Amino acid sequence: MGTWDWKAVRHEIIPLDQVPEAARLVAASITGPPDDKDLERRVFEQTGLAPLSLIEWCVSSEVESIFKTLRDHGSEWGFVVEQGAPDLTESPPRKIALTAATAKKISDDSAMYLPMVFIDDQQTCMLVSYFSDYALICLREDLFETWLADNPIDLTLFYDAPPFPAADNLKAAREFADLRLVAWVDYIRRTRSP
């Protein structure tokens, strides 16, 4: 996991074969910045989880509320695998308890900032991070609706732009995520053109 040394977070280093296969497949298949729709399709095919792609988003900021939703629905453990590390000798898989303390430390440290894939023990949630450039949040659809209803998110890209309404359901979140991507592509086109 690069600069995050895990010393402050209780964890267990585990063999790769103890990590759910879906997480291993996704982690091994990402070798650079993800292509939103292609990655969404592959993850959905492998897991059946509803995806939400977020450009310019750090998934660490959502961990406290997501872990709470997972705990409320019976998950106890999570597995973290670095993206694109075929032998994982530099960054072995880690097993973490989905406690409030673990989630707070991850949130405080932006620990899921570096390229990684997370999956819970019931395989009802997968989180993918590529720095703060991109996040993919995948949840079983009923959990997505529960999580968003309890934790509406503002997907407005720029602080000085007119704010989107807070997304409190998956349909709205996807619509605003698409608008966020359009705004980002337009910004890049305007600022990086000769």
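## A walk through the predicted fold

The mean positions of the 19 positive and 32 negative charges of the protein are 2 Å apart. Here Lys and Arg count as positive and Asp and Glu as negative, with His and the chain ends not counted; each charge is placed at NZ of Lys, CZ of Arg, CG of Asp or CD of Glu. Bear in mind that this is a predicted model, where local features need pLDDT of at least 70, side-chain atom pairs count only at pLDDT 80 or more, and totals for chains, interfaces and linings use all residues. Residues are numbered from 1 along each chain as its sequence is written, and side-chain values use heavy atoms, with hydrogens and water left out.

Let's start with the overall layout. The protein has six helices and seven strands (DSSP runs numbered from the N terminus: H or I of at least four residues for helices, E of at least two for strands). The C-alpha trace spans about 45 × 40 × 35 Å along its principal axes. A compact globule of 194 residues would have a radius of gyration near 16 Å, and the protein agrees, at 16 Å; the radius is taken over C-alpha atoms, and the globule rule is 2.2 Å times the number of residues to the power 0.38.

How does the chain pack against itself? Among contacts with a separation of 6 or more, 67% are made by residues 24 or more positions apart, a contact being heavy atoms within 4.5 Å. Of the 194 residues, 46% count as buried; that label means under 20% relative accessible area, while exposed means over 50% and partly exposed lies in between (1.4 Å probe, protein chains only). As for the surface, the protein exposes about 9700 Å², and carbon and sulfur atoms supply 52% of that. These areas come from the Shrake-Rupley method with a 1.4 Å probe, and for residues only the protein chains shown count as cover.

After helix 3 comes Gly-74, with a positive phi near 100°.

Now for the charged side chains. Count a salt bridge whenever a side-chain nitrogen of Lys or Arg sits within 4 Å of a carboxyl oxygen of Asp or Glu, and you get nine salt bridges. One of them pairs Glu-45 with Arg-41, with the closest N and O atoms 3.3 Å apart. The two are four residues apart in helix 2 (residues 36–47), so about one helical turn separates them. Glu-45 is exposed at 56% relative accessibility, whereas Arg-41 is partly exposed at 41%. Both belong to a network of salt bridges that links Asp-38, Arg-41, Arg-42 and Glu-45.

Helix 4 (residues 100–109) has Lys-105 and Asp-109 four residues apart, about one turn of the helix. Their side chains meet in a salt bridge of 3.3 Å, N to O. Lys-105 is partly exposed at 27% relative accessibility, and Asp-109 is partly exposed too, at 34%.

Finally, in helix 6 (residues 170–192), Glu-175 and Lys-171 are four residues, or about one turn, apart. Their salt bridge brings the closest N and O atoms to 2.7 Å. Here Lys-171 is exposed, at 59% relative accessibility, while Glu-175 is partly exposed, at 40%.
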